[in-house]
Amino acid sequence: MGAFQSSPGQPEYVDLKEKTGFSISQIRVLHTRFKLLGHNGETLKRDHFNSIPDLACNPIRSQIIEAFFDRRNFRQNGEGPVDEIHFEEFLMVMSHFKAPSPRMIEERESVRREKLRFIFNMHDTDDDGTITLEEYRHVIDELLSLTEDLGKDTAKDIADAAMREVASTSMAHMEPDEFFEGITFEHFLKVLFGGP
Amino acid sequence: MELFFNPFDNLVCILLGISLTVWFTLLLVFIIVPAIFGVSFGIRRLYMKTLLKLFEWATLRIERGAKENNHHLHKPYSNAIIAKEPTSFEEEIKEIRRSGSNKDLDSASEFEMSDIFYFTRRGVASIMDDEVTKRFSAEELESWNLLTRSNNNFHYISLRLTVLWGLGLVIRYSFLLPLRVTLAFTGVGLLVFLTCVIGLLPNGRLKNFLSEKVHLMCYRICVRALTAIITYHDSENKPKKGGICVANHTSPIDVIILASDGCYAMVGQIHGGLMGVIQRSMVKACPHIWFERSEVKDRHLVAKRLSDHLEVKTKLPILIFPEGTCINNTSVMMFKKGSFEIGGTVYPVAIKYDPRFGDAFWNSSKFGMVSYLLRMMSSWAIVCSVWYLPPMSREEDEDAVQFANRVKAAIARQGGLVDLLWDGGLKRGKVKETFKEEQQKLYSKMLVGTQEDRSRS
């Protein structure tokens with residue numbers, strides 16, 4: 001044993017490095033942060049995120065926190081929410097925000113798609129693969145505020161205008177008798193980047 | 001009966017007796033007597049210099065060893081993960097929109113789906129690292145100071161280093177710790193006893209004079225009990241009678257450090273147990289301001305008692321820690337405005353600990369008082385610098401909050417600490433809903449402002 005602690009499993013870090021693409025020292029820093037947020041526990045719960053003051057100022061804080069507990073973001077093809085996450089899952093979610101390293105063009109495309117998938121998942125709260133109009137309006141409401149600056153009507157107008165734009169972009173690709181269920185991931189990409 | 005007192009036992013008894021006598025004489029001559037008169041032999045400074053040289057050697061050794069073995073050294077402050085660009089809110093949103101769609105956008109007028117990127121990025125960045133939560137745990141050191149407790153992934157490097165560390169352990173726990181505990185008991189015991197005695201005297205100049213001397217002496221013994229090596233700067237700005245002394249708060253030891261250089265009237269809540277005994281006996285000798293637990297909630301009562309104390313110009317300066325809780329000595333958090341509303345001259349004091357010798361921060365959620373004190377007494381030493389800043393008073397057009405912030409900025413600047421606006425109470429509580437609304441207001445202003453422009457044209 002001795003008095004010198006060995007670093008917590010160098011082999012574990014190497015494994016995580018392969019999966020997420022972070023470097024060993026970045027993983028170390030994130031692990032320290034994970035332990036600090038979770039008060040040295042094994043897992044993080046939603047409450048632990050609530051103790052960060054900067055995050056509390058963020059209008060879409062609850063969506064961001066939910067994203068950490070959403071199985072779709074763990075890259076394991078799972079679905080549905082969890083109540084607590086381990087360090088590996090924390091790293092997986094964080095890796096969506098990693099700066100892309102200079103790679104080949106195809107890889108860059110897929111990395112980009114993954115990041116956008118993350119944002120899509122944040123909107124789609126009922127896990128059905130489409131963003132309905134309600135879900136979209138919900139996000140917009142969170143971003144805006146209900147103060148005197150912005151009357152309730154103005155907020156509604158802005159939300160409706162955004163909806164219409166989204167609907168028109170996607171409706172252009174549908175048959176006349178198809179019912180508009182919601183925005184799929186492909187539509188989402190088109191709305192963001194215009195294009196054919 | 002003869003079986004009990006064989007010659008060997010006799011010898012042991014004699015040796016024990018001699019060593020105890022020697023021990024106490026040394027203690028008296030080298031520590032207690034200088035404490036009484038306020039002089040110093042300089043032993044502690046010599047000790048500090050030796051330790052520094054040792055730590056440098058140890059760090060070099062570790063770095064060399066790490067290179068040889070190709071280990072990664074743990075550098076605590078690498079922020080290579082977040083790419084921070086200090087641009088304004090509007091610019092960033094425009095940037096995101098421009099890089100996304102092919103449309104030609106000049107102003108951030110309508111809501112775009114991509115606006116959400118900005119907030120998401122901000123949110124995750126603050127999960128990764130934010131200014132506040134890291135202030136409530138001990139600071140991480142760049143080098144190692146031969147204490148296991150600050151040992152973050154330092155592997156086994158060499159035999160010499162391990163031997164050194166082992167030696168350090170032996171010295172700290174078997175020599176320094178008992179010495180310090182003895183001193184601590186002596187200091188506290190003398191304080192309680194002598195202040196009670198002085199309390200019997202009638203109020204007058206003799207009583208004040210004696211009480212000052214007694215307080216100083218006992219605090220100096222306590223300072224030596226912690227092997228605290230303190231450097232006082234700018235002593236000409238020391239707080240005078242009838243003023244308020246404010247300082248940043250890192251641990252309960254702050255009180256001992258300040259009170260060993262000058263006499264203050266302390267403010268606080270009456271505790272039970274040993275603390276309560278000390279508090280009650282101290283107040284017999286000179287007027288400190290202790291509150292019952294129930295009185296603490298009543299802000300007006302507190303303010304009244306403090307200002308009454310200030311009225312009497314011959315009373316000692318009041319010592320207050322406006323942060324309200326212990327912070328880890330890398331930053332200064334919001335000062336509560338109560339102490340700045342009562343008037344009087346404010347004498348700010350900045351205290352900065354040198355973390356290389358022992359971390360003085362009291363993480364009250366992790367350690368209780370007793371285990372904290374034991375940790376302090378088994379570190380190498382507590383080295384700190386105290387700066388007395390020039391006195392400040394509230395100006396005509398300033399309100400209490402602005403004055404508090406001005407004082408806080410001065411203390412942070414002098415001590416080399418980060419000046420934060422956040423409240424130290426966040427250690428235990430949550431942020432108010434009003435902050436979230438601020439961000440929303442900002443965003444909606446941006447959208448509405450440009451809507452109006454368009455409807456006008």
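The model is predicted. The predictor gives the complex an ipTM of 0.75 and a pTM of 0.65. Chain A has 196 residues, and chain B has 457.

**Chain A**

- Chain A contains 10 helices and 2 strands.
- Their order along the sequence is α-α-β-α-α-α-β-α-α-α-α-α.
- Buried residues account for 47% of chain A.
- Take the contacts in chain A with a sequence separation of 6 or more: 50% of them involve residues 24 or more positions apart.

**Chain B**

- Chain B is built with 14 helices and 9 strands.
- Of its residues, 46% are buried.
- For contacts in chain B between residues at least 6 apart in sequence, 77% link residues at least 24 apart.
- Chain B has an accessible surface of about 24200 Å², and carbon and sulfur atoms hold 62% of that area.

**Confidence in chain B**

- The mean pLDDT of chain B is 76. A value of 70 or more is reached by 75% of its residues.
- Residues 76–80 of chain B stay under 50 in pLDDT. The model still gives this stretch 9 contacts beyond four places in sequence.
- Residues 101–109 of chain B are also below 50. Here the model has 18 contacts beyond near neighbours in sequence.

**Helix packing in chain B**

- Two packed helices are described by the angle between their axes and the distance between the axes.
- Helix α6 of chain B spans residues 205–225, and helix α8 of chain B spans residues 273–285. They pack at about 145 degrees, and their axes are 9 Å apart.
- From α6(B), the contact uses K207(B), S211(B), H215(B) and Y219(B). From α8(B), it uses M282(B), K284(B) and A285(B).
- By class, this contact comprises 3 nonpolar, 2 polar and 2 charged residues.

**Cysteines**

- The count of disulfides over all chains is 0.
- A disulfide needs two cysteine sulfur atoms within 2.5 Å. The closest cysteine sulfur to that of C222(B) belongs to C218(B), 7.1 Å away, so the pair is too far apart for a bond.
- C263(B) is likewise in no disulfide. Its nearest cysteine sulfur, in C286(B), lies 6.8 Å away.
- Buried means under 20% relative accessible area. C222(B) has 13% relative accessibility, so it counts as buried.
- C263(B) has a relative accessible area of 15% and is therefore buried.

- D234(B) is not a glycine, yet its phi is positive, at about 55 degrees.
- D234(B) sits in the loop between β1 (228–233) and β2 (244–247) of chain B.
- With 33% relative accessibility, D234(B) counts as partly exposed.
- N329(B) is another residue other than glycine with a positive phi, near 70 degrees.
- The loop that holds N329(B) runs between β5 (318–320) and β6 (331–332) of chain B.
- N329(B) counts as buried, because its relative accessibility is 5%.

Definitions and conventions:
Residues numbered from 1 in each chain as written. Chains lettered and ligands numbered in written order. Predicted model: local features only at pLDDT ≥ 70, side-chain atom pairs only at ≥ 80, totals over all residues. Heavy atoms only, no water. Buried < 20%, exposed > 50% of the residue type's maximum accessible area, 1.4 Å probe, protein only. Helix = DSSP H or I, 4+ residues; strand = E, 2+ residues; numbered from the N terminus. Contact = heavy atoms within 4.5 Å. pLDDT = per-residue confidence, 0-100. Axes fitted to C-alpha atoms, helices over the stretch in contact; angles between N-to-C directions. Nonpolar A, V, L, I, M, F, W, Y, C, P; charged D, E, K, R; others polar. Areas by Shrake-Rupley, 256 points an atom, 1.4 Å probe, with all protein chains shown as cover.
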